[in-house]
Every structure is written in C-alpha cells, then in structure tokens.
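Thanks for coming. I will take a few minutes on side-chain contacts in one structure.

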Amino acid sequence: MNFMQAFKMAFKSIASKKTRSFLTMLGIIIGVASVVIMVSVVQGQNKKQMEYLEAMGDNKISVYAYQRYETSGSVSGLLYEYCLGMQDLVVGVTPQIEVWQEITIKYGAKTFNTQNWDDWEKRISLKLGSDQFGVCNNYTLGGGRELSFLDIEKTNQVCVLGGGAKTLLFDFVDPVGETIFINNQPFLVVGWYEPTGVEGMSDMDNVVLLPYTFNRTLNNNEQIRQYVVKARSASATTLVIAKLKAFLGGFITEDNGFYDVSSNNNWADQMQQQSLMQSLVLGAIAGISLLVGGIGIMNIMLVTVTERTREIGIRKAIGAERKSIIVQFLIEAAVICGIGGIIGIGLGCMGSLIAGKFLLQGMILWPSMVITVGAFTFSVVLGVLFGLYPAIKASSLQPVDALRAE
C-alpha cells in the first residue's frame, strides 16, 4: 500500500463516521484554538506595551528623588546642573509633574476637568515641565514653539498643547496665539505637539504643559520628586544611569530621603522576558487540552483496530507487511489531528480578532505564522504519537486470530 492509498482510506474512514470523527477531533480543535488565542493575546499585549514605551521615547531615564531636608540645595537645581555637565551623554532633563488637584480648562464654550475619570478619552491632564519636556518625552512639535528658559524663569502664563488636547479644545484650528483659561487664569498657547499615534493611550496626547514654576500655585508647592533625563543613545543610557545613581547617592541617604533611577530600555527588556514567560505558561496550560485530545485519539484508534480486525487479518493473510499496517493507522490518526488542527487554527484566528477587539481596545490581533504552523505541527505529531500504540497493536495481530474475529 502506498501513501496515497493510505490517505484515501483514512479520509474514507473519517467520512464514514462523521460524528465520531468530529467528537474525536474536538479535543484537538479546542487545544489548538486555545493555544493560538492565548499566545496571540500575550503577544498583542506585549506589542501594545512596546508601542507605549517607544512613543514615550527610547533612552528615556526616569528619576525619582527627594530629600526630607534640603541641606545642599534643591534636588531639581542640583540634578539640572549635573546633567548640564554631561552634554556629551545627555540630551535634556525636565521635571515630570502632573497636577492631581481638580483643575478646569476652558476655551470658548468648551470646558474640561482634570478629574473627569468617567470619560477617559475626554480627560485633559495638566503637566508641569521645563523647556526640554518635549525632547525628553519624545514629543514632536507640530506648530509654534516649545516652552523657553525665560518662560520657566519668569513663570510666564504660556502653555503647549498635546495633540489630543489641541483637538479637544480647538478641533482642527491652529491654536498658536489663542488664549485658554486654566482655573479662570489666561494662558497663551505658544505651541502644540503632534499626536503620538499610540492607540488607546489618549493620556499621552491629552495634556496641557505649563512651566514647572507653576508648581507653587497649582500644586500647593509640593516638592518635585519625578524627573526625566534623555540620554543620547542606548549605550549612553547605561552609563548615565550609573552616573546619576552615584551622584544622587552622594547627598541623598536613607536617613534624609530616597532615590530611584530606571530606564525604558530596562523596562522593554523585562517586558520581552515576561511576555515570553507568559506565552510559555499559557501555551503549556492550553497544551493540556491537546494532550487530552491526544488520549481521545488513542482511544478511538483502539476502537477502530477492534472494528477492523477482520480487515487486518485479510490484509496480513495476503502478504501485507507490519509496517504497511502501522503506516495506515498512523496516517489515519495524523489526518484526524491535522483536520482538527486546521479547524482549531481557524477558530483561533477568529477568537484572536474578537479578543483584540474587546480586550486590547480594538487592536487587530492576528496570530503569527510561527504560532499557527507550530500549533498545526504539534497537533499532527500528537496524533502520530498517540496513534502509535494502536497501530503497533493492529500490526501485531495474527492472521488466523484476526480472521476468526466477529
């Protein structure tokens, strides 16, 4: 018997018992679909997180530092001067302050509130930063100008709008030169940023940036604790982190404060590792259903051997070799698993699209070729492995005993 005949017999056997064959495939279908959906969701989630980090900017260093008692000058001033002396390694430095108190922002008949948590897409956040805020946070100027050093020094009532805030307040009109009111105080719009383009991350675009010297009036003069330092390259990032830790450790101790320095590059590496670990764990969990399906394949193939005992006896009596009997049953098991795998991949693709829509804010989630090919191959291999014992049992039957079977 050649392979083509074996495949034809396998399909004929499956077609003759459609319901039983489908129920046998069900474990494989569920297992493959589960693997495809779970791994796709993890990869989609990781992709969205990476997009968020990329939009925030590569080589971005986050610094959290404060002193209970400032004996050698403010942390802000010392950090600025220190980074100014590392211009070969550092692009810029800025305080990163968000005003959490309730603030109203008005333009014409439009009014927005920073505490509007019910409608996240229409919430505008108020940020305070330096003239280097844009470059440190990877914003691209779309029109007008950035804050200037004089704006910071003189606490000028000027602002720069994020792409989302510009759209919410001005629609498609150029806002440069217009005046908005923040807590009924007039602020001149001097520039605006292009939208970051990160889907589902409106909080990055719905921002209004003011000079950080407004920390006194708008933020109750809270001590500034968060900063962003932008390194010139990935290699410089590691060196700058080491230098900043040594610098801050020189005047901030456990007794008088706390500091922490981290970078997006480190976060990206950790996310990649976590994503890989999650994919392996969820894939292994979903793989359990594949194993259950494999046991079902073995069970049904043993039943098939019993049903076709006389056929096996006749074939052996007329000279069929053991290997041809083994190949026939292995091919049949592989075909059942292969068909189940194809159906499972189809359901997995549909499930991934649905999961992307409802779990990842409308993201188009399509399984990668590696996942689909891997899931299909594993299902076929599983069929061969679990079909091996029934195939060997069938080939071991003696012709005389097989022919006597009813």
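I will go through the salt bridges and then the aromatic rings.

This is a predicted model, where local features need pLDDT of at least 70, side-chain atom pairs count only at pLDDT 80 or more, and totals for chains, interfaces and linings use all residues. Residues are numbered from 1 along each chain as its sequence is written, and side-chain values use heavy atoms, with hydrogens and water left out.

Salt bridges, then. The term means a side-chain nitrogen of Lys or Arg within 4 Å of a carboxyl oxygen of Asp or Glu. The whole structure has 4 of them. In one, Arg 123 pairs with Glu 98, with the closest N and O atoms 3.0 Å apart. Glu 98 also bridges to Lys 127, at 3.2 Å from N to O. That makes Glu 98, Arg 123 and Lys 127 a network of salt bridges. Glu 98 and Lys 127 are both buried, as is Arg 123; buried means under 20% relative accessible area, exposed over 50%, and partly exposed in between, using a 1.4 Å probe and protein chains only.

Now the rings. Rings of Phe, Tyr and Trp (its six-membered ring) pair if their centres lie within 6.5 Å; planes under 30 degrees apart are stacked, over 60 edge-to-face, the rest tilted. The count is 8 aromatic pairs. Tyr 64 and Tyr 66 have ring centres 6.2 Å apart and planes at 75°, so they are edge-to-face. Together with Phe 258 they form one aromatic cluster. Tyr 64 is partly exposed at 29%, whereas Tyr 66 is buried at 15%.
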